[in-house]
Amino acid sequence: MNGAEKIKERILTDARKLHDKIVEEAKVQAQSIIAEAEKEAFLKTALMAEKAKEEAILIKQRYQAADSMEERKNILKVRQECINEAFDLALKNLSNMPDDKYKLFIEGIILNTVKNEAGNIVFNERDKMRLGDSFISLINGKLKAKGLDATLSMAKDTLDATGGFILRYGDMEINCTLEILLNMQRPNLEPEVAKILFNK
């Protein structure tokens, strides 16, 4: 194993440990994410990595030891892998929130996205089961209470997505899957995630 591979292996080992720690701490952060979900749901994904600042200093020290061009290329590759892993973790944690918190999270996004007309909502199979028709009735009741004519019904088909939904109005679709929402925010969040992970 050459020097670059050893550095990469050390970095990956640290990143895996960091990953496990973030998973545990993300559970604690879930409640605060939900509290701001209606207005800042997408930005709050960055909080799942915030507690990793202190541990990330150790990873930074590994990078400072690498000074050759080939090693720098490997480090950049590993950094990108770590950032990708952080976003994959954020996506996983969003979809695996406890059912009651997930319902509030999805409800906030729907209420901020829905058009004032009848439409269909499409979930993946898992969300269709855990949210169900009672959730749609609850949403419709809240829309009516806001004085809107909008009504939603559950689509018969399902999504091939980690979570979230698609709002369908005739031929028009509004894609609010978790993958799309997170990818839309990634350009804004990635520099902060890198700063948290690598303290730069």
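A salt bridge, as I use the term today, is a side-chain nitrogen of Lys or Arg within 4 Å of a carboxyl oxygen of Asp or Glu. With that criterion, the side chains of Glu107 and Lys142 form a salt bridge, with 2.6 Å from N to O. I shall return to this pair after a few words on the model.

The structure is a predicted model, in which local features need pLDDT of at least 70 and side-chain atom pairs count only at pLDDT 80 or more, while totals for chains, interfaces and linings use all residues. Residues are numbered from 1 along each chain as its sequence is written, and side-chain values use heavy atoms, with hydrogens and water left out.

Let me begin with the overall architecture. The chain has eight helices and four strands; helices (H or I, at least four residues) and strands (E, at least two) are DSSP runs, numbered from the N terminus. Along the sequence, the pattern reads α-α-α-α-α-α-β-α-β-β-β-α. The chain has 200 residues, and 43% of them count as buried. Here buried means under 20% relative accessible area, exposed means over 50%, and partly exposed lies in between, for a 1.4 Å probe and protein chains only. Of the contacts in the chain with a separation of 6 or more, 77% are between residues 24 or more positions apart, where contact means heavy atoms within 4.5 Å.

I return now to the salt bridges, of which the structure holds seven. What does the pair Glu107 and Lys142 tie together? Glu107 belongs to helix α6 (residues 99-113) and Lys142 to helix α7, so the bridge joins parts that are 35 residues apart in sequence. Glu107 is buried at 6% relative accessibility, whereas Lys142 is partly exposed at 32%.

Besides Glu107, the buried residues of α6 include Tyr102, Phe105, Ile106 and Leu111.

A second salt bridge joins the side chains of Lys115 and Glu117, at 3.9 Å from N to O. Both partners are partly exposed, Lys115 at 30% relative accessibility and Glu117 at 36%.

In general, an α-helix has 3.6 residues a turn, so residues three or four places apart point the same way. Elsewhere, salt bridges with shared partners join Asp99, Asp127 and Arg130 into one network.

A charge sits over a ring if NZ of Lys or CZ of Arg is within 6 Å of the ring centre and within 35 degrees of the ring normal. Arg186, buried with a relative accessible area of 17%, lies over the face of Phe87, 4.4 Å from the ring centre. The charged end of Arg130 sits over the ring of Tyr102, at 3.7 Å from its centre.

Next, the aromatic pairs. How many does a search of the whole structure find? The search finds two. Rings of Phe, Tyr and Trp (its six-membered ring) pair if their centres lie within 6.5 Å; planes under 30 degrees apart count as stacked, over 60 as edge-to-face and the rest as tilted. Phe123 and Phe165 form an edge-to-face pair, with 6.5 Å centre to centre and 70° between the planes. Phe123 lies in the loop between β1 (119-122) and α7 (125-145), and Phe165 in strand β3 (residues 164-169), so this pair ties together parts 42 residues apart in sequence. Ring pairs link Phe123, Phe135 and Phe165 into a cluster.

Asn140, in helix α7, is buried at 17% relative accessibility. Leaving aside residues up to four places away in sequence, Asn140 touches Ala150, Thr151 and Leu152. As for cysteines, Cys82 is buried at 8% relative accessibility and Cys176 is buried at 4%. The search of the whole structure finds zero disulfides, a disulfide being a pair of cysteine sulfur atoms within 2.5 Å.
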